[in-house]
Amino acid sequence: MIIEELTLDSFGALRGKAYSFQPGLNVLLGPNEAGKSTLVNALFAVLFLPPDLRRSSEDWKNFLARCLPYPGGDTCRVSLRFRDAAGRRCTYTCSWGGRREARLLLEDGAEVNEPAAVREQLQRALAHGRATYEAVLFARQDEMERTLERLRRDHPDAERVESS
């Protein structure tokens, strides 16, 4: 998956914000309270949290409940434009809370709305599971050294990948 754009329609305190990504390394830089963590949380949510997440679940209580629009809203919504492994452009929109929906628009104009079918296509595009991305892509700065050490220990070929 190659992420091209992330739009926070209503997520936390951000509304109508679109972030474009370029090939290669993209760096988020800004002062405190600029929205860097909100952007990362929105990316995590759209990739790994289904719209029908139960309010009693740990993901809802410990994560998504904090991302409802501030002040007041009952629905958060994020859109992700990406290219899949075959290079096809896709747009996935997910909303949680008062209005729960998943919508995947494929490059050929096809639309997938059934949440399980959307998740299946997303998982195919991601290629790895949630735990892998949590350990690498979403590792916090203070966890990075432990993550790199664990990768070196558990995956000897990681050293080769890291140095190339």
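Strands β3 and β4 form a hairpin with five residues between them. In its turn, Gly-87 has a positive phi of about 85°. This is a predicted model: local features need pLDDT of at least 70, side-chain atom pairs count only at pLDDT 80 or more, and totals for chains, interfaces and linings use all residues. Residues are numbered from 1 along each chain as its sequence is written, and side-chain values use heavy atoms, leaving out hydrogens and water.

**Overall make-up**

- The protein has six helices and six strands. Both are DSSP runs numbered from the N terminus: helices are H or I with at least four residues, strands are E with at least two.
- From the N terminus on, the order of elements is β-β-α-α-β-β-β-β-α-α-α-α.
- Of the 164 residues, 34% count as buried. Buried means under 20% relative accessible area, exposed means over 50%, and partly exposed lies in between (1.4 Å probe, protein chains only).
- The protein exposes about 10300 Å², and carbon and sulfur atoms supply 50% of that area. Accessible areas come from the Shrake-Rupley method with a 1.4 Å probe; for residues, only the protein chains shown count as cover.

**The sheet**

- Six strands make an open sheet in the order β2-β1-β3-β4-β5-β6, with antiparallel pairing. Its edge strands, β2 (14-20) and β6 (111-112), each pair on one side only. Two strands pair if DSSP finds at least two bridges between them.
- Nine bridges link β3 and β4 in the antiparallel sense. Here Ser-79 stands opposite Thr-93 in β4.
- β4 (residues 89-97) and β5 (residues 101-106) pair in the antiparallel sense over six bridges. A hairpin joins them through three residues.
- Across from β5, Thr-91 stands opposite Leu-105, and Ser-95 stands opposite Glu-101.
- Seven of the nine residues of β4 are buried, so this strand is largely enclosed by the rest of the structure.

**Helices on the sheet**

- Helix α1 (residues 36-48) lies across β1 (2-11), β2, β3 (75-83) and β4, running at about 105° to β1.
- Helix α3 (residues 115-126) packs on the sheet and touches β3, β4, β5 and β6. Its direction makes about 55° with that of β5. Axes are lines fitted to C-alpha atoms, for helices over the stretch in contact (heavy atoms within 4.5 Å). Angles run from 0 to 180 degrees between N-to-C directions.
- α1 has 13 residues and reaches 19 Å from its first C-alpha to its last, close to the 18 Å expected at 1.5 Å a residue. That expected span is 1.5 Å times one less than the number of residues.
- Buried residues of α1 include Leu-39, Leu-43, Phe-44 and Leu-47.
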